[in-house]
Structures are given as structure tokens and as C-alpha cells.
Amino acid sequence: MKLRISLMLLMILFAGCSTLTLEPAKFDWPLEAVVTPDDDGIIVVERYSIAVNIADLFLKETENPNSFKGSEVRFIRNVDGYYFITSKGFKSVYVFEADNGTLSQSGKILITENGLNNPAFNQRTPFIELIDGNESYNLSDNEIVKD
């Protein structure tokens, strides 16, 4: 009898420790968000309930601490949950992942040495499509994917 009670208690204890995985899960946004940072470099995408400070990203890309002011930021999320961010004049698309209340850079995809003129993102599962003028690029979370 004591053995049965002990086994039942152990089963209950281990059942509470098991990890639950819900799959499949899709994290993509159907449309890009185009947002203008506030004076502190914060962009807010109300539709997707996200706010993030992008001032350091602009500093890294442009080496100008105030370059985010008056700019438009292009922001989209792919099916795997990675965030893609760029802006006019950027040479690259930056890829981030959610990490304990932050967005941590997981990649940087060089697009052009001359800087983007009029970038726009589209969801093209499994890729993110970047369009800039007559040029189009399929992006994974770490590279341009050739057709």
C-alpha cells in the first residue's frame, strides 16, 4: 500500500515537471509594420503589441546617434518568429529574436553597399521578401536565398 502511494506521488511530481510543446505554431505577421520612432527612439507597433527602442540599431548602421529621428522603420516577423528590421539608407536587414524581454540580434544580411532607397517587406512564407525599387530579395533568418 505504501509502495502504491509512493509511486502515485512520484508520478504526480514528474507529471508536473514535463514540458508541454504546442505545435505547429506560426509567428508570422501578414503585413509589414511601418513606424516612425518617437524622440527617444522607441517604435510601437500597436497591431502586434510590441514596442522596442531602435536608437542603438540606427547608431550601429549609420554611426549617427540621432539618425533615427524622422525616419520610417520597416518591421516584419517571419513564420519562425524572427523579426526583420530595416530602413531607408540602411545597407542591411537586421534579424532579431525575442529573448527574455529583449530583441537580440541573431543575424545581419547585407543587401547593398549603396543603402536601400525605398525598402518594403512582404510575407512570402517560408521567406521574407524585401523589395527595393526594381530589386527583390528572398530572405531567410540569416541570408539572401537565391531562386
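Colleague: Which residue in strand 5 does Val73 stand opposite?

Modeller: In this predicted model, Val73 stands opposite Ser87 of strand 5.

Colleague: How many bridges join strand 4 to strand 5, and do they run parallel or antiparallel?

Modeller: Strand 4 (residues 73-77) and strand 5 are joined by five bridges and run antiparallel. The two strands form a hairpin with five residues between them, and Gly81 in that turn has a positive phi of about 95°.

Colleague: What about the pairing of strand 5 with strand 6?

Modeller: Three bridges connect strand 5 with strand 6 (residues 92-99), again in an antiparallel arrangement. Within this pairing, Tyr83 has Phe96 as its bridge partner, and Ile85 stands opposite Tyr94. Strands 5 and 6 also form a hairpin, here with four residues between them; the turn includes Gly89, whose phi is positive at about 90°.

Colleague: Is strand 5 mostly covered or open, and which residues sit on each side?

Modeller: Strand 5 (residues 83-87) is mostly covered, with five of its five residues buried. One side carries Tyr83, Ile85 and Ser87, the other Phe84 and Thr86, and both faces are covered.

Colleague: What is the strand order of the sheet?

Modeller: The order is 1-4-5-6-7, in an open sheet of five strands with antiparallel pairing. Strand 1 (33-35) and strand 7 (102-110) are the edge strands, each pairing on one side only. From one strand to the next, the twist averages 25°.

Colleague: And which strands does helix 2 touch?

Modeller: Helix 2 (residues 55-62) packs on the sheet and touches strand 4, strand 5, strand 6 and strand 7. Its direction makes about 150° with that of strand 6.

Colleague: Turning to aromatics, how many pairs does the structure hold?

Modeller: There are six aromatic pairs. One of them joins Phe58 and Phe90: the ring centres are 4.9 Å apart and the planes stand at 65°, so the pair is edge-to-face.

Colleague: What pair do Phe90 and Tyr94 form?

Modeller: Phe90 and Tyr94 form an edge-to-face pair, with 6.0 Å from centre to centre and 85° between the planes. Tyr94 is buried, as is Phe90.

Colleague: Which residues do ring pairs link into a cluster?

Modeller: The cluster consists of Trp29, Tyr48, Phe75 and Tyr83, linked by ring pairs.

Colleague: Changing topic, how many salt bridges does the count come to?

Modeller: The count comes to three. In one of them, Arg74 pairs with Glu32, their closest N and O atoms being 2.9 Å apart. Arg74 is in strand 4 and Glu32 in the loop between helix 1 (2-17) and strand 1, so the pair ties together parts 42 residues apart in sequence.

Colleague: Why does Arg74 count as buried?

Modeller: Arg74 has a relative accessibility of 12%, and buried means under 20%.

Colleague: Which residue forms a salt bridge with Lys91?

Modeller: Glu113 does, with the closest N and O atoms 3.9 Å apart. Lys91 is in the loop between strand 5 and strand 6, and Glu113 in the loop between strand 7 and strand 8 (119-124), so parts 22 residues apart in sequence are tied together. Lys91 is partly exposed at 35% relative accessible area, whereas Glu113 is exposed at 53%.

Colleague: And what does Glu129 pair with?

Modeller: Glu129 forms a salt bridge with Arg124, the closest N and O atoms lying 3.2 Å apart. Glu129 counts as buried at 12% relative accessibility, while Arg124 is partly exposed at 44%.

How values were computed: Residues numbered from 1 in each chain as written. Predicted model: local features only at pLDDT ≥ 70, side-chain atom pairs only at ≥ 80, totals over all residues. Heavy atoms only, no water. Buried < 20%, exposed > 50% of the residue type's maximum accessible area, 1.4 Å probe, protein only. Pairing = 2+ DSSP bridges. Axes fitted to C-alpha atoms, helices over the stretch in contact; angles between N-to-C directions. Contact = heavy atoms within 4.5 Å. Phe/Tyr/Trp six-rings, centres within 6.5 Å; stacked < 30°, edge-to-face > 60°. Salt bridge = Lys/Arg side-chain N within 4 Å of Asp/Glu carboxyl O.
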